[in-house]
Amino acid sequence: MAAVDSFQLLYREIARSCSCYVETLALVGACYTASKAVVFMRDCYSLIRLHFIPRLVCHRDLSQQYGQWAVICGASEEIAKAYAEELARHGISVILISSDISNMADTAKAISDTHGVEAIWIEADFSQGPTACKPIKDAIAGKDIGFIVNSLDGSLDTSQDFTDLSESVVWDTINRNVVAATLITRLALPAMVERGKGAVVNISAGRCLRPTPRKAALSATTAFFDTFSRSLHYEYGNRGVFVQSLLPLKVASQRSAGWLVPSPQVYASHALLTLGISHRTTGYWPHTIQFGLVQCMPEWVWILGSRVFTRAT
């Protein structure tokens, strides 16, 4: 009995001496839970404000807000093509630029006939340096360019070890993405700054958030698009030019594969609604939820999943 009494006495003394620490830990836990609840509510509000409220407001006059013409670089890409069609549906004339001109004439004619706007297509091989810029300069001269849309070239999305890439593929990755986006923006942006209005939209990929094995060159290019957009925002956001980094996840090539994998047309219609609201977004609310989950994921989990997926493909 004496041993039991001694233990109970010792326990009461320890509990009394640690009570202040227990209360402190409880307070810290409560503060942490409250902070997480606030962050969750903020994210829910941002999701609703960005992706749902714009669908309820009145139709915007994009030509008055930004300008009458859009320059679409990488127009052979499905998302870029759908974005051009969505702009044309709002009365914006388009200049389609691509190094791959197959079907570009048909695309331009279809946009012009369907939406009653002007549509011009230009072949541009940016590996030629300044020579590629001349037809683009001539095309945009004297036009009220309100939109610059640069799209990542998805045709270069192959799963290979970096040392297995041919030099031509490496040059294509740089020229069709980094060089093209940089030069097109440099050519059209000064007029926007002078007028004090316009929009620059760089369509990258959600995987820019994490490094991707066996896609090193293209993974770095997606990060360039994102960083380029954010840097331009801080440079020209206070001069009337809205700069947006679009970070889509999986988008179907043509028809929708479900609400998680939309068609290019569905994605473009959602993405355009976010223009003027968010400077960095996935453009599509299910992708925003997925993007948030990826941000919470440890990098080693992402790398493991990427390696399994790329090996399978």
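Predicted model: local features only at pLDDT ≥ 70, side-chain atom pairs only at ≥ 80, totals over all residues.
Gln244 belongs to strand 6, which covers residues 241-246. Is Gln244 buried or exposed? Its relative accessible area is 0%, so Gln244 counts as buried. Leaving aside residues up to four places away in sequence, Gln244 touches several others, including Tyr83, Asn202, Ser229 and His279.

Now let's turn to the aromatic rings. A pair of them is described by the distance of the centres and the angle of the planes. The model has 4 aromatic pairs. One of them joins Phe224 and Phe228, which are stacked at 5.4 Å centre to centre with 10° between the planes. These two residues are 4 apart in helix 7 (residues 216-236), so about one helical turn separates them. Phe224 is partly exposed at 26% relative accessibility, while Phe228 is buried at 16%.

Another stacked pair brings together Trp259 and Trp285, 5.6 Å centre to centre and with 25° between the planes. This pair links distant parts of the chain, 26 residues apart: Trp259 lies in the loop between strand 6 and helix 8, and Trp285 in helix 9. Trp259 is exposed, with 51% relative accessibility, and Trp285 is partly exposed, with 26%.

Ring pairs also link Phe224, Phe225 and Phe228 into a cluster. One last stop is Trp69: the charged end of Lys143 sits over the Trp69 ring, 5.1 Å from the ring's centre.

Methods: Residues numbered from 1 in each chain as written. Heavy atoms only, no water. Buried < 20%, exposed > 50% of the residue type's maximum accessible area, 1.4 Å probe, protein only. Contact = heavy atoms within 4.5 Å. Phe/Tyr/Trp six-rings, centres within 6.5 Å; stacked < 30°, edge-to-face > 60°. Lys NZ or Arg CZ within 6 Å of the ring centre and 35° of its normal.
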